[in-house]
Amino acid sequence: MKQLKVENLTKTYGDKSLFENVTFAITEGERIGVIGVNGTGKSTLLSIIAGIEEGDKGEISKAKDYTIGFLAQDPLLSDEHTVLEEVFQGETRALQAVRQYEQVLLEMAVNPDDTALHDRFTKAQHEMDATNAWDVNTDAKTILDRLGITDLTAKVGSLSGGQRKRVGLAKVMIETPDLLILDEPTNHLDFTSIRFLEDYLNRFRGAVLLVTHDRYFLDRVTNHMLEIDRGTAYRYVGNYEKFMEAKAIRMDNEAREGEKNRNLYRKELAWMRRGAKARSTKQKARQDRFADLEGKVKTKADDAELQLDFATSRLGKQVFTLDHVEKRFAQKHVLQDFSLIIQPGERIGITGNNGTGKSTLLNMLAGRIEPDAGEISTGQTVRIGYYTQQNEEMDPDQRMIAYLQEAGETVKTSDGEVVSVSNMLERFLFPPVAHGKKIGSLSGGEKRRLFLLKILMERPNVLLLDEPTNDLDTQTLTVLEDYLETFNGTVITVSHDRYFLDKIAQKLLVFTGIGQIKTYLGEYSEFLATLDTKKAKPNVAPVVEKAESKPEKPKEKVKHTFEEKREWADIENVIEAQESKIATLHQDLEAVGSDFTKAGELNAALEEAEAELERLMERWEYLSQFAD
């Protein structure tokens with residue numbers, strides 16, 4: 001079984017340590033999701049394993065014939081190649097065989113009588129047979145089609161950023177390497193393409209290492225999680241849901257350990273302040289111990305959590321009114337005779353296939369694009385905060401604090417507290433030492449977090465969010481979702497992220513691609529389920545059943561059967577034993593420490609035991625009705 005090993009890997013940028021002495025292995029069949037706050041080095045870790053970057057120290061070991069396919073957030077592709085040519089540029093043996101075979105065919109068309117070429121052609125055929133490369137061309141076209149790329153002759157240089165990302169994804173998928181490394185693979189994919197990718201990865205025989213913000217995707221694809229937290233890597237067995245359970249246990253254990261250290265710290269601090277006159281070896285040891293505790297306590301105190309708390313400006317009764325709006329690009333209708341009233345406090349999700357005009361609608365609401373016909377009326381009190389797909393006008397040489405000061409020197413929170421820009425940066429997980437950093441030195445996710453902060457500082461009462469989950473880490477998204485649930489204004493968001501839309505949207509605007517928009521009330525997952533039902537529903541005539549005589553009503557039960565009498569006599573003892581078992585599992589779980597694999601096993605046992613107790617209680621309630 002093929003395996004890649006990472007041992008004691010360390011990486012720093014300037015004075016910032018991303019991770020230190022990270023050690024783990026990636027084995028064939030494992031699908032590992034990498035998770036952590038933006039700026040912790042997730043993309044850097046992937047690049048180092050792919051051989052694009054180098055670590056400061058540590059070792060990555062693998063077999064000589066071990067192959068890696070890497071999809072970067074912004075894949076490097078040749079603008080001069082056609083889509084199909086670019087997909088075949090991989091270095092696996094099968095793709096090399098395809099290129100050699102196609103090259104020989106071209107040369108033979110020019111010199112059909114060249115015997116040397118015939119020998120090369122025969123060898124090329126044998127190599128195609130040996131590598132099972134005959135179906136590669138068909139597979140490539142199928143993958144591209146499922147990812148929404150239909151023009152295979154288009155030059156890569158003419159493609160949009162989202163299309164380039166999908167071509168890059170198809171390129172690494174067709175390579176079928178031993179290890180597939182994917183950095184935000186679901187960005188720019190619609191639901192149909194995401195589902196195809198999920199199915200592909202679940203069937204993939206090699207190993208997968210990926211970073212993604214899509215929590216449903218993580219939950220359905222991964223069987224291991226790797227969390228980078230404060231420079232340390234934590235390995236968990238299971239998908240995203242199991243990771244959340246295990247992390248909760250780890251955080252509880254760390255909180256208990258932190259409280260224990262704080263109590264010791266207070267005692268040691270009192271001793272240090274008394275100032276012992278004689279400095280014996282024992283007392284020197286206590287001083288060293290104090291210094292060690294002080295470091296631990298300060299480290300825990302510095303573990304800030306992202307906080308979103310902003311006052312919003314007052315929003316009147318009118319937000320947006322769209323009256324018979326039309327918009328087209330060239331001959332394609334984006335909106336056709338569309339009318340809608342958007343109310344204060346509404347939570348609207350906009351979804352549909354790529355290129356159907358979702359972002360165009362947001363741009364029209366923001367006043368950046370005018371409709372071709374019809375009218376869009378905006379309420380007088382509306383104050384828009386527009387979180388676009390790309391950061392706007394961020395000067396790489398500008399310092400973070402100066403960028404935010406453009407929005408104001410202070411921020412008012414929802415409870416009236418006035419907070420400085422510097423303090424707000426800290427709440428957004430930017431430490432004080434980083435406030436003077438230039439924007440160009442930030443990671444992509446950190447820039448997005450800074451952009452979001454500036455928008456919220458301007459106190460909008462209507463938020464337009466265009467693919468807000470792209471490039472934000474899961475922790476930031478969780479806090480953002482919590483903030484949006486209590487946001488006093490209106491939220492209108494374009495997204496393909498099922499998890500995000502399920503939590504935020506109460507109404508969906510579904511773009512059909514023919515200028516029409518359908519409205520759906522309910523969760524996005526429910527809407528997708530209706531689509532699946534329509535596809536699966538066969539077109540068969542209804543079956544007419546013959547009328548049957550109504551069965552006689554069974555006699556009403558009034559007492560226990562013989563077996564139920566025996567069960568009733570013993571059920572309270574069984575319930576008591578089950579409760580004792582659950583109490584023991586709780587004790588074991590509290591004492592498990594940092595063994596997260598064991599913690600996961602105990603969690604599963606606890607869930608099973610609690611389900612059995614619930615069944616027993618329901619059975620007791622039933623039997624009690626017929627007890628003497």
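A residue counts as buried when its relative accessible area is under 20%. By this criterion, 45% of the 628 residues of the protein chain are buried in the predicted model. The chain holds 19 helices and 20 strands. Its accessible surface comes to about 33,600 Å². Carbon and sulfur atoms contribute 48% of that surface. Among contacts with a separation of 6 or more, 69% link residues 24 or more positions apart.

Helix 14 covers residues 444-457. Its end C-alpha atoms are 20 Å apart. This agrees with the 20 Å that its 14 residues should span at 1.5 Å a residue. The helix is mostly covered, with twelve of its 14 residues buried. Arg459 follows helix 14 and has a positive phi, near 55°.

Thr212 sits in the loop between strand 7 (207-211) and helix 8 (215-221). Its relative accessible area is 4%. The cut-off for burial is 20%, so Thr212 is buried. The side chain of Thr212 makes a polar contact of 3.4 Å with the side chain of Thr186. A polar atom of the Thr212 side chain also lies 3.1 Å from the backbone nitrogen of Asp214. Beyond its neighbours within four places in sequence, Thr212 is in contact with Glu184, Pro185, Thr186, Phe217, Leu218 and Thr474.

How values were computed:
Residues numbered from 1 in each chain as written. Predicted model: local features only at pLDDT ≥ 70, side-chain atom pairs only at ≥ 80, totals over all residues. Heavy atoms only, no water. Helix = DSSP H or I, 4+ residues; strand = E, 2+ residues; numbered from the N terminus. Buried < 20%, exposed > 50% of the residue type's maximum accessible area, 1.4 Å probe, protein only. Polar contact = N/O pair within 3.5 Å; in protein donor to acceptor, adjacent residues only side chain to side chain. Contact = heavy atoms within 4.5 Å. Areas by Shrake-Rupley, 256 points an atom, 1.4 Å probe, with all protein chains shown as cover. Expected span 1.5 Å × (residues − 1).
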